[in-house]
Structures are given as C-alpha cells and as structure tokens.
Amino acid sequence: MLKIREIGIFNFGPYRGKQQLILGEKDGVTLVYGENMRGKTTLLNAIRFALIGKILGRGERTLEPYRLMNSSAYSEGEREFGVALLMENDGEKIEVRRRCTVGEEPDRKLKIDTTAFVADVPQSQAETNDLLQQLMPEEISRFFLFDGELLQQYEELLMEESVAGEQIREAIEQILGIPVLLNARQDLGEVIERFSKAETREAKKNQATEKHAKNLEAVVERVKELKKDRDKLKEQEQDLADKKAAMDNALKRSSKTQAHMAKLEQAEERIVAIDAKCDAHKEEIRDLMKVGWLWPAMSKLREMESEILVAMETEAQKKAAANRARLIGELAKEAVEVGKCPVCFQECECDGLSLGDGSENEDPDSEASDRQDEANRIRQLSAIKRLLNHPDSGRAVTLMEEIMAIVAERAGLKQDIKDINLQLESEDVEELKQVQANYGPTNSALSECRRALKDNNRQIDEAQSSVNALRKRLRRASGSNQSEEMKRRELAEATRSIFEKSIGRFRDELRDRIEADASALFKKLTTEKQFSGLRINANYGLEIMRDDGGVQELRSSGAEHIVALSLVGALQRNSSLTGPLFIDSPFGRLDAEHRKNVVKALPGMAPQVVLLVYSDELDLQMARTELGASLLAMHRLERRTATHTQIDAN
Amino acid sequence: MSKSGQIDILVIACLERDELGLSVPNELLAAVLRIEEANVSISNRSKALQEIEAQVSKYASEAGED
C-alpha cells in the first residue's frame with residue numbers, strides 16, 4: 001500500500017521558498033484549509049506533478065508546468081522550483097524529486113530533472129519512470145487525487161455512448177485490476193501466434209501435413225494482416241475519441257462563452273427582424289399619408305354622416321305617420337259609406353257623416369321637394385362614406401408608436417451587443433468557434449471508424465474460424481505424431497480461453513461488490529430516508545433506488561455529488577492499488593447535514609485521507625468532533641503576501 | 001494488486017477452467033497471473049511474452065511426460 005509521508009515544495013505556485021507538509025505514519029484524515037487562492041489546488045497539483053509529471057487547471061486542462069514557478073521568486077531572479085515526495089510502498093521507503101529550472105523570457109523553457117530513490121538508492125531514469133508508472137498510473141490517478149468540483153463527471157457513466165463516460169469506465173476497470181486479465185488474454189494470443197508459426201514450420205517438413213500447413217500459414221497471415229488493420233483502427237478510434245472528449249470538455253468549459261455567443265446571435269437576428277418591421281411600417285405610413293389631407297376633416301365628415309342619417313330617419317318617420325293617417329282616413333271613409341267597419345265588420349251608425357279619404361293634407365309640391373331632399377341626402381351620404389372608407393390617422397399613429405418602440409428596443413439591443421462583445425474579448429471565442437466547427441466532422445469520423453472496426457472484427461472472426469478448421473485437419477493428418485509446438489499452442493489456447501471467460505465473470509463480481517459498497521456508503525452519506533441504495537449498470541454508472549423499488553430519475557446536483565463520492569469510496573475499497581486519497585473541495589453544493597455525513601465517512605474511504613478545503617466550506621469544530629481520533633492534523637494555509645502562502649500546523 | 005485480489009482472479013480462472021473442462025494446471029494459471037501482475041503497467045510486452053512462453057512450454061512438456 002502506498003502512503004505519502006511528507007510533501008516538500010520549493011517555490012511551487014504560491015508557496016515561496018522551501019516548505020513541508022508532514023502527513024505522518026498513522027492512518028487517518030489530515031485537514032488542510034485556507035481561504036480561496038491560497039494554494040489548495042496547487043498542493044494537489046504538486047503531488048500530481050511529482051507522481052505523474054503533469055499539472056491540471058480548471059476543467060482538467062493540462063497546464064504548462066512553468067506556470068507553477070513562484071512569481072515573486074522568479075522576479076527576484078530565482079529560476080528553480082520543485083517538489084519532493086517521501087513515500088512508503090509496502091514497507092519500502094521511496095522518494096521522488098522533481099526539480100525544475102525555468103528558462104528566460106520569452107520562451108521560459110523548462111528543464112525538469114526527475115529522480116526516484118528506493119531505500120535511499122538513486123534509480124536510473126528508466127527505473128524511475130517504471131517505478132512512477134507502477135506507483136500511480138496516470139489513468140487511475142483521478143481516483144487518488146481528485147477535484148471535488150469534477151465529481152459531476154461520473155454522471156457520464158449513466159449515458160450511453162458517452163466518450164467521457166467510456167474513458168472513466170476504462171479508468172475504473174484499471175483501478176479494479178481488470179487489465180491483468182485483459183493483458184493475459186492479449187499476451188497469450190501473441191504466444192499462440194509464435195507457437196503456431198513454429199508448429200506450421202514443423203508441419204511443412206512432413207509430407208502428410210505439408211498441404212494443410214501451407215493453407216494454415218496463408219490464413220494465419222491473413223489474420224495477422226487483419227489484426228494489424230484492427231490495431232491501426234483502434235489507434236485511430238482512440239485518437240478520435242480523445243479529440244471528441246477534449247471537445248466535449250472544451251464545450252462544457254466554454255458554456256459561458258457559448259451563452260454569450262448565442263445571446264449575441266439572438267440580438268443580431270432580432271435587430272435584423274425589427275429593422276425589417278420598421279421599414280414595412282414606414283412604407284405603410286407613406287401609403288397612408290397619401291390621404292393624410294383627409295384626416296383633419298374626418299371627424300366633421302362623421303358628424304355630417306350622422307346628421308344626414310338622423311334627418312333621413314326623421315323623414316322616414318314623418319312619411320310613415322302620413323301613410324298611417326291616410327290609411328285610417330280611407331278605412332273610416334269606407335265604413336261611413338258601407339255602414340260597417342271593414343276591419344271588425346261591426347255596424348256603424350254614421351248617417352249624414354261625410355269624411356275625406358285622407359288625401360286632403362297631401363301637398364304635391366311639398367312631396368316633390370321631400371323627394372329631392374332625400375335624393376340629395378343619399379348622394380351626400382354616399383360621398384361621405386366613400387371618403388370615410390379611407391384609413392384614418394389612427395392606424396398611422398399606431399404604426400408611429402410601434403416605430404418608436406422598435407427604435408427603443410434597437411438601442412437596447414445595440415447596447416447588449418456592445419456589452420457582450422466586451423465580455424467576449426476576455427473569452428477564447430476563436431477556440432470555441434474552431435471546436436464547434438470541428439465537432440461534427442470528428443463525430444462522423446469516429447462513427448465511421450467504429451463501423452470499420454466492427455467490419456474488421458467480423459473478418460477476423462471469419463478468418464479465425466478458418467484457422468481453427470485448418471488446425472483440426474492438421475491435427476487429424478498428424479495422427480499420433482503431435483509435435484511439441486502443437487502441444488504448446490494447444491495449451492496456450494486453452495489457457496487463453498480460460499482467461500477470456502474469466503474477464504466477464506471477474507467484471508460481474510466486481511460490479512456486484514462496487515454496487516454493495518457504494519450503496520452502503522451512499523446510505524451513510526444521504527439524508528433522504530426514502531433512498532434505499534444504488535444500482536450499478538454495465539459502465540459502473542450508479543442509479544439511485546427508492547424504497548418503493550423505483551429509480552430516482554431526477555437527481556439534484558447534491559445527489560449527484562453524493563453518488564459520485566460513494567462510487568469513489570467503493571472503488572478505493574475494491575482497488576487493485578491502495579493509496580492515499582487527496583480530495584480538493586469535496587463538499588460542492590452540499591448542505592450542512594450532508595457535509596457532516598461526508599466528514600464522518602472519510603476515515604472509512606481510504607487509510608490515508610487528505611482533505612483540502614476552503615475555510616467557509618467546513619466547520620472545523622464539527623470536523624474535530626466528527627473525526628475524533630481519526631483526525632491526524634489540521635494545517636492552515638496562511639497568506640503572507642499575494643504570492644506567498646505559508647503552510648502552518650494547528 | 002493485493003494478495004486477496006490475485007487470489008480472487010485465480011479462483012475465477014480455476015472455476016472457468018473446470019466449467020470449460022480444460023486441463024490447464026493451476027500452477028500455469030497462477031504463473032501467468034503473476035507475470036501479468038508484475039508487468040501490468042509496462043507497455044513493452046516482450047518480457048511478459050517471453051516469461052509466459054517459457055511457462056507454457058514448461059507445462060506442455062510436463063503434460064507430455066505424464
């Protein structure tokens with residue numbers, strides 16, 4: 001088991017001069033805390049740099065190590081910085097030192113000397129590289145040195161065909177020790193090929209087996225060629241998958257820039273749309289203005305129209321009254337003449353009564369004048385109506401108001417565009433545009449490569465079947481004179497098929513163990529009583545199970561965080577490599593109760609845990625209480641100047 | 001890999017061997033796993049290949065003698 005005893009840093013990031021963080025020999029939790037920008041992430045990077053020679057920035061971007069030279073030391077003429085780790089691996093004392101010398105401006109070329117010491121004996125460069133690769137392979141370092149802010153990336157394991165998820169899955173399998181079986185399968189395949197060649201060579205010497213041997217040799221050669229193609233395709237696939245993952249990361253990192261660019265595009269599109277609307281409004285106003293001379297008279301015309309209508313109505317009423325009087329007169333006259341009412345047929349006693357027929361009041365001159373008046377009114381009304389049919393000023397006023405609103409909106413949009421462009425000046429827009437342009441073609445190339453790989457695998461399977469058939473024939477033809485080479489090849493094949501089958505079984509067993517351990521840890525960490533545990537999928541993605549047997553589909557950021565911590569804890573417990581656990585900012589957006597649960601669970605996650613937190617993230621008194629004897633030490637990162645942080649022990 | 005991890009894999013390999021009905025000695029399975037474990041992080045496979053080849057040859061001749 002790997003343990004870090006001491007971390008020595010020199011002019012590394014904000015750590016000016018020589019400084020040490022002593023972790024000691026006991027198992028337990030060490031707490032390192034400080035305000036923002038005091039160098040917690042740099043401390044994690046110092047360990048990462050010592051073990052794998054890399055430093056990571058935000059979003060897992062690899063940074064040039066020269067950036068880690070303490071700036072005030074550099075400006076005072078110093079050119080060296082470095083890190084030394086004193087470790088113990090299975091009882092053996094190991095020390096790794098990386099000493100960096102920064103060149104002069106503008107290149108600041110960096111020279112790095114790395115030396116490992118095993119039991120105080122310096123190792124050669126090759127031995128040092130092998131030792132470091134064994135101590136902490138880069139691919140699995142994420143499980144030992146991890147940034148709590150990146151815990152969300154484990155959600156990718158639940159997504160089908162996620163490149164990032166695939167990379168994490170491979171890293172998980174590596175930490176669980178599956179490569180031992182994968183390598184056994186591959187190496188035995190190579191050994192089989194060697195034995196097979198020797199076997200064919202021998203068989204060609206014998207007349208009874210010569211023909212089969214030659215055929216076999218040809219097909220084996222074909223398999224070899226196909227496998228070469230497969231290796232190339234796999235390399236290509238890996239390369240494309242890496243590119244795609246890098247692009248996915250870049251897109252995630254630049255979400256703010258993307259949002260700004262989308263807003264900019266929206267604003268520009270909106271300006272084009274409202275400009276077109278404004279032009280259309282202006283055109284309509286121009287048309288309307290052709291009858292603009294009428295608008296002042298419009299209300300007078302409406303008044304006249306209404307007066308004419310009233311006059312016509314009065315005239316019509318007058319006419320109706322005259323008609324009614326004439327009709328009554330006629331009826332009365334008839335009744336007098338006949339002596340009977342023409343309506344109800346009652347007898348009338350109207351002897352000597354003389355009545356007119358109602359036409360006595362009619363004046364032919366007056367009637368003609370009325371008709372003339374009526375005709376005039378109709379003419380006037382028709383003329384007024386024609387004029388009133390033209391649009392009035394109301395529409396033009398509405399359009400003018402809309403134009404004013406558009407002008408105001410346009411000014412606002414122009415200001416937005418100016419602001420966004422100002423923000424974009426500090427963001428890498430060109431890089432983002434390039435990523436966006438390359439994303440589609442890379443994705444297509446990756447799909448095409450995977451199709452080719454599938455086709456290649458099918459061809460290999462077919463050729464391999466032919467090889468097996470030819471080997472059977474060769475065996476039959478050999479009779480009882482089996483060569484040593486044949487025996488070796490057959491034993492190697494049997495061994496390989498055992499390991500081949502073991503891979504799936506081992507994976508299933510590991511998944512079961514991870515599921516059980518992650519569930520147990522999850523139940524300790526979560527405050528939600530209705531969650532019953534976690535369920536693992538083929539990619540080691542974990543779903544939250546409720547006590548009603550259902551899957552919790554919607555997961556909050558906090559829940560995601562807890563699931564990821566549970567997975568990391570379970571992986572530590574089942575890892576083929578046991579080592580220290582350095583966690584930078586593990587609390588994310590967790591509430592106080594969850595933080596307490598995480599702190600309580602830390603000692604069980606790994607024998608050596610180092611927690612890097614910013615001061616407001618953790619209640620130190622609570623940590624002391626919850627960790628009890630498991631808390632080995634607390635170190636404060638104290639600000640001396642903006643470029644000088646001092647590690648203090650509490 | 002821890003000792004218990006190595007034993008887990010060996011037990012699985014032995015179970016698979018029995019299910020497949022193959023006569024591969026425990027010692028060969030253990031030897032291959034040991035070699036792979038020692039070389040797991042080394043990308044140059046030639047040393048591992050030589051060692052596996054030697055182990056398979058050894059057990060193939062022993063089987064011939066039986």
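Okay, let's start in the middle of things, with the largest nonpolar core. It has 121 residues, and the ones touching the most other members are A46(A), I47(A), L85(A), L567(A), F582(A), L611(A) and L612(A). So where does this core draw its largest share from? That would be helix 12 of chain A, residues 484-525, which puts in 11 residues. And before I go on, keep in mind that this is a predicted model.

Let's zoom in on one of those residues, L612(A). If you skip its neighbours within four places in sequence, L612(A) is in contact with V32(A), K40(A), L43(A) and L44(A), and also with F582(A), I583(A), D584(A) and S585(A).

Now, stepping back to chain A as a whole. We have 650 residues, with 30% of them counting as buried. The secondary structure is 15 helices and 16 strands. Here's one for you: among contacts between residues at least 6 apart in sequence, what percentage join residues at least 24 apart? For chain A, the number is 72%.

Next, a pair of helices in chain A. Find helix 7, residues 255-289, and helix 10, residues 393-425: their axes come within 9 Å and cross at roughly 160°. Because of that angle, helix 7 of chain A is roughly antiparallel to helix 10 of chain A. The crossing of these two helices in chain A is left-handed. And what sort of residues sit in the contact of helix 7 with helix 10 of chain A? By class, there are 16 nonpolar, 4 polar and 10 charged ones.

On to chain B. This one has 66 residues, and buried residues make up 35% of them.

Last stop, where the two chains meet. On the chain B side 31 residues are in contact with 31 residues of chain A. Helix 1 (3-20), helix 2 (26-38) and helix 3 (46-65) of chain B each supply at least two residues to that side. Which helix of chain B gives the most? Helix 3 does, with 10 residues. Sort the residues on the side of chain B that touches chain A by class, and you get 20 nonpolar, 5 polar and 6 charged.

Note on methods:
Residues numbered from 1 in each chain as written. Chains lettered and ligands numbered in written order. Predicted model: local features only at pLDDT ≥ 70, side-chain atom pairs only at ≥ 80, totals over all residues. Axes fitted to C-alpha atoms, helices over the stretch in contact; angles between N-to-C directions. Helix = DSSP H or I, 4+ residues; strand = E, 2+ residues; numbered from the N terminus. Parallel < 35°, antiparallel > 145°, perpendicular 65-115°, else oblique. Left-handed = near helix turned anticlockwise from the far one by under 90°. Nonpolar A, V, L, I, M, F, W, Y, C, P; charged D, E, K, R; others polar. Core = buried A, V, L, I, M, F, W, Y, C linked by C-beta atoms within 7 Å. Buried ≥ 20, exposed ≤ 12 C-beta atoms within 10 Å, placed from the backbone. Contact = placed C-beta atoms within 7 Å.
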